[in-house]
Structures are given as structure tokens and as C-alpha cells.
Amino acid sequence: MTEATIRNKPGMASVKDMPLLQDGPPPGGFAPVRYARRIPNKGPSAVAIFLTTFGVFSWGMYEVGKGNKIRRAIKEEKYAARRAILPMLQAEEDERFVKEWKKYLEEEARIMKDVPGWKVGESVYHSGRWMPPASGELRPEVW
């Protein structure tokens, strides 16, 4: 568009003849310019975050406590079962020990038959105390 059509002046006109048109503020003025930093208030407050965290932590500790009670009950049940079966296991071990001890004494009698004054099964330490062998087998080399 030409300047003449914009200013409603037909034909060619000098710039000086044209009416003055100047930009200005709208009626009532411009809105105030915001120059301060304004961070929008989004998300939960600090109190809400703290209470939520405290609630989740409390619930987790409650669940841990429940798990500990269950684990203790299972452990106690296992120990009770072991205490109940212990006499039978001890009897089986004693029976195995007696069999091995007899084999040991027979082998000792066979090996020491030519030694005068040797008593089979007598302790060489003469302490007066009897102690079972420390290992599971009496003498592994005797079969």
C-alpha cells in the first residue's frame, strides 16, 4: 500500500502536506512492566513433602518390623525342630561311635598282640578323664 492510501490523501502529496500521525500509548496507558523475578508456585509445599516422606518412612519401618517378627518366628520354629530331633541324632552318633570304637579296639588288639603288658583300650595319658575323639572318625586309616 502506498502512503497516500494509508493517510486518505488522493494522488501525490508532499510529506509536509500529510497529516501528522504519531504512535502513542493506548487509551488508559500501557500495562505496568513486570521486571521482578516471579517463580510460579508449582508442586507441593515443604510441609507436604515432609509429611509424605515421614509417612512413607513410618510405613516402611512398620513393614520391616512385621518381617522381623515373621523371620524370628520361623527361626524359633527351626530351632525348636532341631531341639526336638537332637536326642535322636545324638543316639545315632553314639551308635556310630560305638561301632567305630569296637573296630578301633580290635585293630589295636591285633597290632599290639605281641607287646607284653599292653592293655587294649586303656588310655596312655592316665588323666582319669575320658574325652571323645575330636574328629568325626576315630582313626581314618583303620578299615
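Helices here are DSSP runs of H or I with at least four residues, strands are runs of E with at least two, and both are numbered from the N terminus. By that rule the protein chain has two helices and zero strands.

Before going on, two remarks on the source. This is a predicted model, in which local features need pLDDT of at least 70 and side-chain atom pairs count only at pLDDT 80 or more, while totals for chains, interfaces and linings use all residues. Residues are numbered from 1 along each chain as its sequence is written, and side-chain values use heavy atoms, with hydrogens and water left out.

First, the chain as a whole. I call a residue buried under 20% relative accessible area, exposed over 50%, and partly exposed in between, with a 1.4 Å probe and protein chains only. Of the 143 residues, 6% count as buried. The accessible surface, from the Shrake-Rupley method with a 1.4 Å probe and with only the protein chains shown as cover for residues, comes to about 13600 Å². Carbon and sulfur atoms hold 62% of that surface. A contact means heavy atoms within 4.5 Å. Among contacts with a separation of 6 or more, 36% join residues 24 or more positions apart.

Next, the annotation. An unreviewed UniProt entry places a "transmembrane region" at residues 43-62. UniProt positions follow the numbering used here, feature names are shortened, and annotations may be inferred rather than shown by experiment. In the model, residues 43-62 are 85% helix and 0% strand, with the end C-alpha atoms 28 Å apart.

Leu 51 sits in helix 2, which covers residues 46-111. Is Leu 51 buried or exposed? Leu 51 counts as exposed because its relative accessibility is 52%. Together with Val 47, Phe 50 and Phe 54, Leu 51 makes up a nonpolar surface patch with about 450 Å² of accessible area. Patch residues have over 30% relative accessible area and no salt bridge; like charges are joined within 9 Å, and nonpolar side chains (Val, Leu, Ile, Met, Phe, Trp, Tyr) within 5 Å.

Further along helix 2 there is a kink of about 40° at Ile 85, shortly before the proline Pro 87. The bend at a residue is the angle between axes fitted to the seven residues ending there and the seven starting there.

Now the charged side chains. A salt bridge is a side-chain nitrogen of Lys or Arg within 4 Å of a carboxyl oxygen of Asp or Glu. Side chains of opposite charge can pair when their charged atoms come close. The whole structure has six salt bridges, and I will show three of them.

Arg 96 pairs with Glu 93 at 2.8 Å, N to O. Both lie in helix 2, three residues apart, about one turn. Arg 96 is partly exposed at 27% relative accessibility, and so is Glu 93 at 35%.

Glu 95 and Lys 99 pair at 4.0 Å, N to O, and they are four residues apart in helix 2. Glu 95 is partly exposed at 47%, whereas Lys 99 is exposed at 53%.

Arg 110 pairs with Glu 107, with the closest N and O atoms 2.4 Å apart. These two are separated by about one helical turn because they are three residues apart in helix 2. Arg 110 is partly exposed at 49%.

Last, which residues are buried in helix 2? They include Phe 97, Glu 100, Glu 107 and Glu 108. Glu 108 has a relative accessible area of 8%. Leaving aside neighbours within four places in sequence, Glu 108 is in contact with Trp 118, Lys 119, Val 120 and Gly 121.
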